[in-house]
Amino acid sequence: MSSIAHSPSTGVIITGGASGIGASTMHALAEAGRPVAAWDLNGDRAVAVAAEVQAKYGVAAIGIGIDVTDHAAFVSAVRGTRAALGTIGGLVHGAGIVGAGPIDSFDDAVWNLALATHLTAAAVLIRELSSDLTANPGSAVVLVASMAAIVGFDANPAYCAAKSGMLGLARSATARLGPLGVRINCVCPGFIDTPMMAPSLDAAGLERFASRAPLRRIGQPSDIATGIRFLLSDDASFVSGTELVVDGGVLATTW
């Protein structure tokens, strides 16, 4: 049996698809035969990643430069994605920012941007894509939350709040769209070696984060991408309104 989860053949939009978890997800889905679209603030890199996966896997792929807080831009981006991929039957919302600043001194603009990028963009994307998703059997959405949706980090209340909100959004959207055949889930990464974490990943940082996981390593983007691929696939056809924690066991322990 193939190790690749059985998937529909409809296209998938991946926000934040130009790097890190998003770029790895582009490859993982294309390997399974899914047409893919990278939506990213870095449009040049999104186009490059799309070209890479198209050349390697022979699937349709497109890169689009977009700010996910600019909701007016979704109309043309969706239109371009439909034209390139044919159909849209999946969404992975992975675009994100750190949004640092503790609760006693956070900046309002940082708070608002974190919620706009992670949570509000997810809700608006689902709304704007609902007609595409409900029209294509097997459609599914994966919101990239975080273990910070489940435990608190003192320096990032905006990030924690936005990611926690994603869990509630997935449940509410499931209640509405589940009867129409659309599944919505979250994936909650732990400490993952991504550009967002890069400033903390010197030798001491790597050791510190790895030591918190029972599996004794920091995660790779591919660890999350394969979980996303599963949640989008027909192998997860009875999984909706929940979250998949991929953290090397960190939340299974006290630390």
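Biologist: On what basis are the values given?

Modeller: This is a predicted model, in which local features need pLDDT of at least 70 and side-chain atom pairs count only at pLDDT 80 or more, while totals for chains, interfaces and linings use all residues. Residues are numbered from 1 along each chain as its sequence is written, and side-chain values use heavy atoms, with hydrogens and water left out.

Biologist: At what angle do helices H1 and H7 pack?

Modeller: Helices are DSSP runs (H or I, at least four residues; strands are E, at least two), numbered from the N terminus. Axes are lines fitted to C-alpha atoms, for helices over the stretch in contact, and angles run from 0 to 180 degrees between N-to-C directions. H1 spans residues 20-31 and H7 residues 221-232; their axes are 8 Å apart and the packing angle is about 50°. Angles under 35 degrees count as roughly parallel, over 145 as roughly antiparallel, 65 to 115 as roughly perpendicular and the rest as oblique, so H1 is oblique to H7.

Biologist: Which classes of residue make up the contact of H1 with H7?

Modeller: Contact means heavy atoms within 4.5 Å. H1 contributes residues including Ile-21, Ala-28 and Leu-29, and H7 residues including Ile-224, Ile-228 and Arg-229. Ala, Val, Leu, Ile, Met, Phe, Trp, Tyr, Cys and Pro count as nonpolar, Asp, Glu, Lys and Arg as charged, and the others, Gly among them, as polar. By these classes the contact has eight nonpolar, four polar and two charged residues.

Biologist: How much of the chain over residues 11-190 is helix and how much is strand?

Modeller: An unreviewed UniProt entry annotates residues 11-190 as "domain: Ketoreductase"; such annotations may be inferred rather than shown by experiment. The end C-alpha atoms of this stretch are 27 Å apart, and its content is 49% helix and 18% strand.

Biologist: Is Thr-117 buried or exposed?

Modeller: Thr-117 lies in helix H4 (residues 108-135). Beyond four places in sequence, its contacts include Val-68, His-93 and Ile-97. Buried means under 20% relative accessible area, exposed over 50%, and partly exposed in between (1.4 Å probe, protein chains only). Because its relative accessibility is 7%, Thr-117 is buried.

Biologist: What is the phi of Arg-216?

Modeller: Arg-216 sits in the loop between helix H6 (203-211) and H7, and is exposed at 56% relative accessible area. Although Arg-216 is not a glycine, its phi is positive, about 60°.

Biologist: What separates the C-alpha atoms of Ala-155 and Ala-100?

Modeller: Ala-155 is in the loop between strand E5 (140-144) and helix H5 (157-177), and touches Ala-100, Gly-101 and Pro-102, leaving out residues up to four places away in sequence. Ala-155 and Ala-100 are 55 residues apart along the chain, yet the separation of their C-alpha atoms is 5.8 Å.
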